[in-house]
Amino acid sequence: MKQNFISINLKLVGSLCNLNCKYCYEHEQYGNRNTGFISVDDIINYINFLRNQYKYIKIILHGGEPLLYPKDKMNRLLQYYKNESNIHIAIQTNGLLIDQEWIDIFKNYSNDFLFSISLDSKDSLLRDFKTDKLSQKFKLIKDNNLKIGIVSVISKENIDTTKYKKFIHMLINKFQINFLTINKIRFNNQIKDSFINELEYTNFLIDIFNYWIEKKLYNQLKINPFLDLMQNKNSCIFNSNLQKCNSFITIYPPFNIKGCDHQKGQTNNLSKCLGCHIFDFCGGGCIYEIQDETFCDARFKLFNYIQSLKNE
Ligand code: SF4
Ligand code: SF4
C-alpha cells in the first residue's frame, strides 16, 4: 500500500550560491562551492521509483541557489512534470537571479507558480544583500501574474516588532506579497551573537500575530506559522508523529540521498515529551535542533495563546 507523502529537497547545485549569507546552514556544513549538478535523468528515474511508494510527492528546488542550475535543464525537468497532479514542484530561492527567461520557464510549468523567496527585513545584517535589490524582481514576477511567498528568519537583528510591522506593511503595500513564513534562526557557530531563544521567538510571534488580527491583515497576507497553528496543520517542528523526519529526503550532487537537511549532530531526547499534555500541539520541536532552556516554557506560552484565540 502506498504511503501518503514524501518531500524531496533537491540541492540542484549543491551548496553553490551567488550570496554568502552568514546563517546559511549549507555553507556552515559544506562551504560555498561548486560540487556539480544533479542530472535531470537521475531525478526522473528516482521519482519513477518513488511514485510507486507514495501518493503525493513534493519536490523543492533548493540550494545553495537553485537558479544557478542551467535553464535548459530546469525547463526539461519542469516540463516533464507539468501536468502531474500528484507531483508538485516548488522553489526556495534568494530571487536575485530571476529574469524574464526564468519567469517564462516557471510560467510554462504553471501559470499559478509561487516563487518562495528568502528575505528578512531591512535590518538583518545576516543576509548578503539589501531588500532594494529585490524590488525589481518582485515587480517582474507580479507583472507576469505569478505569486510570491517570503520566507523570513528572525534573529537578534530583526526581532524589533515595531520595525518588523513596517516590513509587513511594505510586503503588502509595495510588493503585494501573498504569503509570509516567519522562522526562528537556527543555531550555528558563525552567528552565535544573532541567535534568539525560543521564548524571544514566541514573544515576537505573539506580538505580530496580535497585530495581524487587530489590523485584519489576514485579508491581504497569509502568515505562517499562524495559519497552520490555528488550523492544526502541523509543520514538522510542531508535529508529534515520531516518524515525522522520514517524510523528508535531501539529494545533493552528483546524486547523494540523505534525510532532512537539518539532520546533523545528535537527536533530542523526546522521552520528556511523552507524558507532556501539550505534546500533540508542540511535537517536541525539530528532532535535531538544540533546545535552549526556555524551550518548554515558550511552547506552553504559545499553546495557551493559540487555545485562547480558538476559544474566542
Ligand atoms: S513543551 Fe517540552 S516537554 Fe512538552 S512536548 Fe514540548 S518539548 Fe516536549
Ligand atoms: S530534522 Fe527537524 S526540520 Fe527536519 S524533518 Fe525532522 S523535525 Fe523537521
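Strand E1 (residues 3–11) pairs with strand E8 in the parallel sense, over 4 bridges. Leu 10 has Ile 251 in E8 as its bridge partner. The model is predicted.

**The E8–E9 hairpin**

- Strand E8 covers residues 248–252 and pairs with E9 in the antiparallel sense, over 3 bridges.
- E8 and E9 form a hairpin, with 3 residues between them.
- Which residue in E9 stands opposite Ile 251? Ile 257 does.
- Thr 250 has Lys 258 in E9 as its bridge partner.
- Ile 251 is also the bridge partner of Leu 10.

**Helix H6 against helix H7**

- Helix H6 spans residues 161–173, and helix H7 spans residues 198–214.
- Their axes come within 11 Å and cross at roughly 45°.
- That angle makes H6 oblique to H7.
- The crossing of H6 and H7 is right-handed.
- H6 brings Thr 161, Tyr 164 and Lys 165 to the contact. These residues meet Phe 204, Asp 207, Ile 208 and Tyr 211 in H7.
- By class, the residues of this H6–H7 contact are 4 nonpolar, 1 polar and 2 charged.

**Helix H7 against helix H10**

- The axes of H7 and H10 are 8 Å apart, and the two helices pack at an angle of about 20°.
- Why does H7 count as roughly parallel to H10? Angles under 35 degrees count as roughly parallel, so the angle of about 20° puts this pair in that class.
- H7 passes H10 in a left-handed crossing.
- Glu 198, Leu 199, Thr 202 and Ile 206 are the H7 residues in this contact. They meet Phe 295, Asp 297, Ala 298, Lys 301, Leu 302 and Tyr 305 in H10.
- The residues of the H7–H10 contact divide into 6 nonpolar, 1 polar and 3 charged.

**Around ligand 1**

- The residues around ligand 1 include four cysteines: Cys 273, Cys 276, Cys 282 and Cys 296.
- Also in this shell are Lys 272, Ile 278, Phe 279, Gly 284, Gly 285, Phe 295, Arg 299 and Phe 300.
- Helix H9 (279–282) and helix H10 (295–311) each supply at least two residues of the shell.
- Which helix gives the most to the shell around ligand 1? H10 does, with 4 residues.
- By class, the shell around ligand 1 has 8 nonpolar, 2 polar and 2 charged residues.

**Around ligand 2**

- Cys 236, Cys 245, Cys 260 and Cys 286 are among the residues that surround ligand 2.
- How do the residues of the shell around ligand 2 divide? There are 8 nonpolar, 2 polar and 1 charged.

Methods:
Residues are numbered from 1 along each chain as its sequence is written. Chains are lettered from A and ligands numbered from 1 in the order in which they are written. This is a predicted model: local features need pLDDT of at least 70, side-chain atom pairs count only at pLDDT 80 or more; totals for chains, interfaces and linings use all residues. A residue is near a molecule or strand if its C-beta atom, placed from the backbone, lies within 6 Å of it. Ala, Val, Leu, Ile, Met, Phe, Trp, Tyr, Cys and Pro count as nonpolar, Asp, Glu, Lys and Arg as charged, and the others, Gly among them, as polar. Axes are lines fitted to C-alpha atoms, for helices over the stretch in contact, and angles run from 0 to 180 degrees between N-to-C directions. Angles under 35 degrees count as roughly parallel, over 145 as roughly antiparallel, 65 to 115 as roughly perpendicular and the rest as oblique. A crossing is left-handed if the near helix is turned anticlockwise from the far one by less than a right angle, and right-handed if clockwise. Two residues are in contact if their C-beta atoms, placed from the backbone, lie within 7 Å. Two strands pair if DSSP finds at least two bridges between them.
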